[in-house]
Number of protein chains: 2
Amino acid sequence: MSLAIQHLVVIGTGLIGGSLALALKQAGVVKRVTGVGRNVQNLQDALRLGVIDDASHHIQEAVSHADMVCVAVPVSASAQVFRELALALPHHALITDAGSTKQSVIQDAHHSGLDMSRFVPAHPIAGTEYSGAAAAFPELFQHHRCILTPTEQTSEDAIMKVKKMWEVAGASVETMHAKEHDEIMASISHLPHLTAFAMMNALQNHDDFRFAAGGFRDFTRIASSSPDMWRDISLCNAAAISDKINALQTELASLREALQSQNGDVLLQKFTAAKLARDAWLAAGGDTI
Amino acid sequence: MSLAIQHLVVIGTGLIGGSLALALKQAGVVKRVTGVGRNVQNLQDALRLGVIDDASHHIQEAVSHADMVCVAVPVSASAQVFRELALALPHHALITDAGSTKQSVIQDAHHSGLDMSRFVPAHPIAGTEYSGAAAAFPELFQHHRCILTPTEQTSEDAIMKVKKMWEVAGASVETMHAKEHDEIMASISHLPHLTAFAMMNALQNHDDFRFAAGGFRDFTRIASSSPDMWRDISLCNAAAISDKINALQTELASLREALQSQNGDVLLQKFTAAKLARDAWLAAGGDTI
């Protein structure tokens, strides 16, 4: 199946939305890209850098002739975007998104009155520490996964076309249930981020940090992530993250018990199991697909 | 003050002990280096690579003409080493060590009957993921701190000479109380390591790891550390680490409470405080001296 998009509208022209536009342009599969956003400077950057062909502040106006829409806004903003899309989207247009949580986004779409048969929820697992259209580049999705979480209402045709689009953009696409997606992300992304934040707050004596070395730097790197973005993600996946915090608390409690009873055997067994799990992940290719 | 060591004995000729020997040789301040160890292959490597001039399996024999001894063995082995040193060390010889915990090492030395006036406990905060004499290199201590934790019995002369030795080896030397050292290390090193181990064990579904990316890789890197070494360190600094685990658990509990009550304000405030603390550390030079 070859892909041909007449008019792509990217709502939220930041790193993810902008990189999608650039990747599809480079592949020659899109005729026109309109960027929608609230930040005038960012839209001007996107125009100047050729990320988009034209810009708009009005969703309903922008999408009136679209055949593909990608919603790449913070998950806390998706409800409002879907409400506007539900009012204006042409009947043949497909919708995808790039939100880091999927059950909440699907719920937002459902409540907005959007035609759910045409919405293919997606999460491209890619990003850098930079943001904005100026940070976008066409290779962002290469060697990264994009997870689709279609609902029971999503049409097979929509899934096929949106899958093709993310593949042409460079991603390796997998499909799973939104609940499974949210649980996996709670484990491998949300729990580590919240733990890094918690650790920085637990260490009250900041003078101590001057003795810290590479291990501390790497362990706490994700504590420098955007607080706003992580508040949004946390609120949208609260139940799954709570469960994972519980599991971590149980492990920490058993380490503390072993420390207090000077039980070297338990410590060695726990540390060995952890090292084996991580080394096996690395040996299997680590974060490469 | 210029430094001149006639006979340095390195007990434990691994990465740390070997690198100290190489650094002092390169600086031209040591005439002869004897390496002591139990691993024949490692001692042969050390001889072949010029890390040491001769090798021995017998501490008492090796140190009989030493004027400087560095104990660079796992902290769990230091008690036995000190007992042998107490029996054989010439009266003019100085002793230092390289253990990651200091109160336990000082206690071991004290109980061994060693002349405490000549022992200058030290912790060079340096290392790589490799071990053994073959991994040693003379620049290991450059741009790294070495913390001295002398006791009330340590002589001023011994402190001055051992300080000079670690400085000549390339380290930036600071002096503090052993208890303060152990608390700082519990914060910036021991807690992060035990948390990384705990996190790997909390995540039972290893299939999930294939979706993990760079953040997970960096956060869990230290979970690939040596389980034996970390059991030893944990047992030797158990009280301080327990306190830090407690503090982390309190922070995790408050995040979980905020998640469950959908309190975005608390989450934002916590995440922002954490990010500010880490960004301030980075801005102040991070892990560079």
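Predicted model: local features only at pLDDT ≥ 70, side-chain atom pairs only at ≥ 80, totals over all residues.
**Entry 1: the two domains of chain A**

I started inside chain A, where twelve residues of domain 1 are in contact with eight residues of domain 2. By "in contact" I mean that the C-beta atoms of two residues, placed from the backbone, lie within 7 Å. On the domain 1 side of this meeting I found four nonpolar, seven polar and one charged residues. My classes: Ala, Val, Leu, Ile, Met, Phe, Trp, Tyr, Cys and Pro are nonpolar, Asp, Glu, Lys and Arg are charged, and the others, Gly among them, are polar.

Domain 1 of chain A covers 5–176 and domain 2 covers 181–283; such bounds come from an automatic or database domain assignment. I get 32 Å between the two domain centres, taken over C-alpha atoms.

Residues are numbered from 1 along each chain as its sequence is written, and chains are lettered from A and ligands numbered from 1 in the order in which they are written.

**Entry 2: chain A meets chain B**

Next I looked at the two chains together: 72 residues of chain A are in contact with 72 residues of chain B. Which elements of chain A give two or more residues to this side? They are helices H7 (178–202), H8 (214–220), H9 (227–236), H10 (238–260) and H11 (264–283). H7(A) gives the largest share, 15 residues. (Helices are DSSP runs of H or I with at least four residues, strands are runs of E with at least two, and both are numbered from the N terminus.) Sorted by class, chain A's side has 39 nonpolar, 18 polar and 15 charged residues.

**Entry 3: the axis**

I then checked how the copies are related. A rotation of 180° with 0.0 Å of shift along its axis puts chain A on chain B, with an RMSD of 0.0 Å. So the two copies are related as by a two-fold rotation axis. In chain A, Phe219(A) has the C-alpha nearest the axis, 2.1 Å from it. Both copies use the same surface, as 100% of the contact residues of chain A recur in chain B.

Most residues other than glycine have a negative phi. His143(A) isn't a glycine, yet its phi is positive, about 65°. I found His143(A) in the loop between strands E7 (122–124) and E8 (145–148) of chain A. Is His143(A) buried, exposed or partly exposed? His143(A) counts as partly exposed, because it has 13 C-beta neighbours inside 10 Å. (Buried takes 20 or more other C-beta atoms within 10 Å, exposed 12 or fewer, and partly exposed is in between, with C-beta atoms placed from the backbone.) His143(B) also has a positive phi, near 65°.

Definitions and conventions:
Least-squares fit on C-alpha atoms with pLDDT ≥ 70 in both.
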